[in-house]
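Open the model in your viewer and keep the selection tool at hand. We will go stop by stop.

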Amino acid sequence: MKYDQISIRFYSFRLDQEDEGVPSTAIREVSLLKELHHPNVVRLLDVCCSLKKLYLIFEFVDNDLKKHMKTKGILKPEQVKSFAYQLLLGMNYCHSNRIIHRDLKPQNLLINSQGILKIADFGLARAFSLPVPKYTHEVVTVWYRAPEILLGSQKYSIPIDNWSVGCILAEMANNQPLFPGDSEIDTIFRIFRKLGSPNEQIWPGISQLPDFKESFPKWKPRPWEQIAGLQTGLTDQGIELMASFLIYSPKDRMSCLRGLDHPYFDDLDKSQFKSE
């Protein structure tokens, strides 16, 4: 099969041992991407296998969001709004199809030459069911990891992706990660310093999480307007949207579906974005 432009990811593996073979992340990614067809989700074109390597062939996309921001510098407010809306379109499609991405970050969001954003790297993604089973907490790059996972919860669902969306929106506006911790505890303390230390009134059930300690330092929340740089890339409505994704209690966190109808996007020409 021939393609004009493609991007290839390959997995190396050994077939000569019973306990090894095709990595589970590769199997999971292929099975999920075969079911996902949306303009804001990267398209898997083909899968090829050699003796010791599995090749996943994707549509070609020029850049990822992290490199795009590094090259362009601070994004224009209209670019932030466009990318945010497309991210919500893609993630709402995934969540509607009962898929949690579990590793949203700028490096896993691809940007093509027409300014179309595509969600990629579904190696940690999972199809979920109800009731929600226990999952590993070793998911999501720590800077974008939701507080319930940082505090050891093994039961979580699509709100963990929505937290990552809020972190990415802030980073697009500021060109800097919002909670760049060097460990889980450093990241959770960075979150507490900005959002304030949660308690049972703010987040019912937090005291039952495995890694929560009553001895954690108590910080007061800082107004979003005091966080340097956000006001340059986000309007007041944009900050309100971002804050709605960064709510401690998962059940109160903004969903991607509701986010699409937020007033922040009222002046965006939505007709330019295809949907399926």
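## Stop 1

Start with Lys66, which counts as partly exposed at 27% relative accessibility. Buried means under 20% relative accessible area, exposed means over 50%, and partly exposed lies in between (1.4 Å probe, protein chains only). A note on what you see: this is a predicted model, in which local features need pLDDT of at least 70, side-chain atom pairs count only at pLDDT 80 or more, and totals for chains, interfaces and linings use all residues. Residues are numbered from 1 along each chain as its sequence is written, and side-chain values use heavy atoms, with hydrogens and water left out.

Lys66 forms a salt bridge with Glu171, and their closest N and O atoms are 3.0 Å apart. (A salt bridge is a side-chain nitrogen of Lys or Arg within 4 Å of a carboxyl oxygen of Asp or Glu.) Lys66 sits in helix 2 (residues 65-72) and Glu171 in helix 5, so the pair ties together parts that are 105 residues apart in sequence. Helices (H or I, at least four residues) and strands (E, at least two) are DSSP runs, numbered from the N terminus. Glu171 counts as buried, at 1% relative accessibility.

## Stop 1: two further salt bridges

How many salt bridges does this rule count? The count comes to seven.

Select Arg253 and Glu148. They form a salt bridge, with the closest N and O atoms 2.9 Å apart. Arg253 is in the loop between helix 8 and helix 9 (256-260), while Glu148 is in helix 4 (residues 147-150), and the two are 105 residues apart. Arg253 counts as buried at 4% relative accessibility. Glu148 counts as buried at 4% too.

Next, select Glu59 and Lys118. Their salt bridge has its closest N and O atoms 3.5 Å apart. Glu59 belongs to strand 3 (residues 53-59) and Lys118 to strand 7 (residues 117-119), so the pair ties together parts that are 59 residues apart in sequence. Is Glu59 buried or exposed? Glu59 is buried, with a relative accessible area of 14%. Lys118 is buried as well, at 10%.

## Stop 3

Two strands pair if DSSP finds at least two bridges between them. Two bridges join strand 4 to strand 6. Click on Asp64: its bridge partner in strand 6 is Leu110.

Contact means heavy atoms within 4.5 Å.

Now pick Ile111, in strand 6 (residues 109-111). Ile111 counts as buried, at 2% relative accessibility. Its C-alpha atom is separated by 5.4 Å from that of Asp64, 47 residues apart along the chain.

## Stop 4

Finish with helix 5 (residues 159-174) and helix 8 (residues 236-245). Helix 5 makes contact through residues including Trp163 and Leu169, and helix 8 through residues including Leu241 and Phe245. By class, this contact has seven nonpolar, three polar and no charged residues.

Methods
Ala, Val, Leu, Ile, Met, Phe, Trp, Tyr, Cys and Pro count as nonpolar, Asp, Glu, Lys and Arg as charged, and the others, Gly among them, as polar.
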